[in-house]
Amino acid sequence: MFPEDSTEPHVHVGEDPGVGASDGGWKCMKLLALNADGVLFTPQAIQGPAGQHLRTYHAGDVVGMRRLRRTGVRGLLLSEGEDPVFATLADRENCTLRQNCQDKLRELDFQRQELGLSWAEVGYVGHDTSDVECMQRVGVSACADNSDSMVCRIACFVSHYAGAMGALREFTNEILERNKMDVESDVVIR
């Protein structure tokens, strides 16, 4: 088992009082929601010769979610369509998945309330215009460099990488760095 596969939280985002208040939602994030299409998975679908449906993702993005989960941050994957590949990954990575989600803000608000969180404690990684409302509501928003131009304009963090090509990993690394977290050794760096 790899350290990032542990289900036990060892460090918690936001516990370092030295992190400045100017970091806002960066230091108190408890839920990270994202558009599964275009952020975690490539928007392209591949159909195999036997009719099987395949999607690709960047392994580093998944590792980033695992590392963040070890700090106590929950993951929520939202998708406007339905894809069995999303369900497989969500189950394996212990993330909540909502498919056929036509009103992402309503679903995100429901999940937020279920967890007893304020909007400041929620982060969102978007990709398309359907993510704008969520991104405007949360404490910290992010996107990949190949996201819709409106999404890039409103994001607090724009990755140097494309969606499903390392953008999510770069964002999760930034969260951990801003909170002075070293997940591998399970210590808070002061």
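**Sheet.** I began with the sheet: 6 strands form an open sheet with parallel pairing, in the order S5-S4-S1-S6-S7-S8. S5 (96-98) and S8 (157-158) are the edge strands, each pairing on one side only. Two strands count as paired if DSSP finds at least two bridges between them. Strands (E, at least two residues) and helices (H or I, at least four) are DSSP runs, numbered from the N terminus. In general, strands of a sheet pair through backbone hydrogen bonds, either parallel or antiparallel.

**Basis.** This is a predicted model, where local features need pLDDT of at least 70, side-chain atom pairs count only at pLDDT 80 or more, and totals for chains, interfaces and linings use all residues. Residues are numbered from 1 along each chain as its sequence is written, and side-chain values use heavy atoms, with hydrogens and water left out.

**S7 and S8.** I looked up how S7 (residues 140-143) joins S8: the two run parallel, with 2 bridges. Cys143 stands opposite Val158 in S8.

**H7.** Which strands does H7 lie across? Helix H7 (residues 167-178) lies across S1 (31-35), S6 (122-126), S7 and S8. H7 runs at about 160° to S1. Axes here are lines fitted to C-alpha atoms, for helices over the stretch in contact, and angles run from 0 to 180 degrees between N-to-C directions.

**Val132.** I found Val132 in helix H5 (residues 132-137). Val132 counts as buried because its relative accessibility is 9%. Buried means under 20% relative accessible area, exposed over 50%, and partly exposed in between, with a 1.4 Å probe and protein chains only. Not counting residues up to four places away in sequence, Val132 touches Met150, Val151 and Ile154; contact means heavy atoms within 4.5 Å. Val132 and Val151 are 19 residues apart along the chain, and 6.2 Å separates their C-alpha atoms.

**Positive phi.** Most residues other than glycine have a negative phi. I noted Asn94, with phi near 60°, and Ala164, with phi near 65°. Asn94 lies in the loop between H3 (84-93) and S5. Ala164 lies in the loop between S8 and H7. Are they buried or exposed? Asn94 is exposed, because its relative accessible area is 56%. Ala164 is buried, because its relative accessibility is 2%.

**Whole chain.** I logged 7 helices and 10 strands. Of the 190 residues, 48% are buried. Among contacts with a separation of 6 or more, 56% are between residues 24 or more positions apart.
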